[in-house]
Amino acid sequence: MLSRVRVWLNRTYAENVFFMDQLRRNPSARAVEIHATHGDADSPVLAAADTAELEPEGLSPAAYVEFALDQCQRRGIDVFVPRLHQAAIVAHRADFAAIGTALLAPPPEAVAVFHDKVVAYEAVQAVGVPVPPWWRVRTADELVAAVEELEAGGHKACFKPASGAGGVGFRVITRAPFSLAQLNGFPSPYVSLDTVVEALEQADEQVDWLVMPRLEQPEVSVDTLTGTDNRVRLAIGRTKNGRRRGFTQHEQWLEPARLIAEGFGLHYLSNIQFRMFGDRPVLMDVNTRPAGGLHQLSLCGVNVPWAAVQLALGEDTGVIEPPFLGQDYTVVSGLRQLRPVSVPHQRVEEVEPLLQSVPAPAPVVGAAQALPL
C-alpha cells in the first residue's frame, strides 16, 4: 500500500481550496494530507486543510526560509508548494531536499527572470516570443513621454508595477479630468493623467512602472506542467472574453507558451498569459506558480494539481492530453466554511433572555466556482 502524501501550501490564494480538493480526489486514489499556513486567520485555505497554522508576521525572506524548513521537518512535508517568498525558498532547494521535501516550484534562475517584467519581456523577445511595446518609467516626465508616444500611435496607455502579481496596481490612463463621473458606480481602473503626474511630482520616492498599450481581449492564460527535463507534459489555454470563459488548444497560444516554459525551465506549474495587440497575440505576463483558476481545467477531464505532485515526487506522468475541452462557462461566487475563531468577550447585560438561544450559523466566505453558461 502506498504511503500518504503530505503537501504544504503557504499563504496562497483563496481559490486554491479547489487545488486542495483536487489533490484529495486524485485518480491514483492516493491518500493526501494537506498542511496550510496563512497570515489571515479567516483564509478559507486554513479551513480546508487537514492541519493549519498562522504564519508569523514581519519575517525577512531569510527568516521565512528558516520558518519553512522548520515547518517541513516538523510536519513531515513531502511536497511544498511555495507562493510567498518563492524566490528565497527555491534558492535553498538543496536544504529542503536534505530533509525529504520536494519543492513544487521552478529553479531560482527561472523565478528571477520573471520576477521583473522588463527583464522577462527582454528575455522572451530574444527567443522570438512577441511582446507589446513597453516603456519603463520612474518619473513624471518619463510617464508623459511614454503616454504621448502611445497616443500618437492611436493606442490607449496603461501602467502596472514592473514587479508584482495579478492585477495589483494596474491602471488605464485617460485625459479626462477627475470628476463626479469617477465617483459614481463602482471604482474604475481609469485614472486621469494629470492626477497621476501630480502624485508622482509630490512623491518622496520613485516608482518603477511598466507603461504599455492597453491590450485587447481575448485574454488567454496557458497553464503548463513541465518536468525537470524541461519538457512540457501539459499545456491548455483558458480563454476569457468578458464574462464568457472557455478553453483552447490553438497553437497560436500554446506554441509560444511551450517555448517559454521549456526554454526558461519553468518546472512544474506555471501560468503564461497573452492578449491581443492588433491582430496578433503578445505576451502579457508569466507567473511561476499555479494559477488561481487552475482547477477550472477539471472541466477538461484532467487533474493538473495531482499530476504536478506526481512529478515533484519523481513519478513521470508522460504527456497529458485532455480527453476533451469543456464547454464555455462563467465564474460565480460560492460558499466555503471557515475555521471557528475566538471572539473577544463582550459585555453582557444581566437580564433574562426574551427568546431561546439558537446556534449562530457558521461563517462562510465567497470563493470562485466555475459554472457552464
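Modeller: Before we start on the strands, two strands count as paired if DSSP finds at least two bridges between them, and helices (H or I, at least four residues) and strands (E, at least two) are DSSP runs numbered from the N terminus. This is a predicted model, in which local features need pLDDT of at least 70 and side-chain atom pairs count only at pLDDT 80 or more, while totals for chains, interfaces and linings use all residues. Residues are numbered from 1 along each chain as its sequence is written, and side-chain values use heavy atoms, with hydrogens and water left out.

Biologist: OK, which residue in β13 is the bridge partner of Asn 241?

Modeller: That is Arg 244, and β12 pairs with strand β13 (residues 244-248) in the antiparallel sense over five bridges.

Biologist: And what sits in the turn between β12 and β13?

Modeller: The two strands form a hairpin with two residues between them, and Gly 242 in that turn has a positive phi of about 70°.

Biologist: How many bridges join β11 to β12?

Modeller: Eight bridges join strand β11 (residues 216-226) to β12, and the two run antiparallel; Val 220, for instance, has Thr 239 of β12 as its bridge partner. These strands also form a hairpin, with five residues between them, and Asn 230 in the turn has a positive phi of about 70°.

Biologist: Is β12 mostly covered or mostly open?

Modeller: Strand β12 (residues 232-241) is mostly covered, with seven of its 10 residues buried, where buried means under 20% relative accessible area, exposed over 50% and partly exposed in between, using a 1.4 Å probe and protein chains only.

Biologist: Switching to helices, at what angle do α6 and α7 pack?

Modeller: Helix α6 (residues 108-115) and helix α7 (residues 117-126) pack at an angle of about 105°, with their axes 5 Å apart; axes are lines fitted to C-alpha atoms, for helices over the stretch in contact, and angles run from 0 to 180 degrees between N-to-C directions. The two helices are therefore roughly perpendicular to each other, since that label covers 65 to 115 degrees, while under 35 counts as roughly parallel, over 145 as roughly antiparallel and the rest as oblique.

Biologist: Which residues make the contact?

Modeller: Val 113, Phe 114 and His 115 of α6 meet Lys 117, Val 119, Ala 120, Ala 123 and Val 124 of α7, contact meaning heavy atoms within 4.5 Å.
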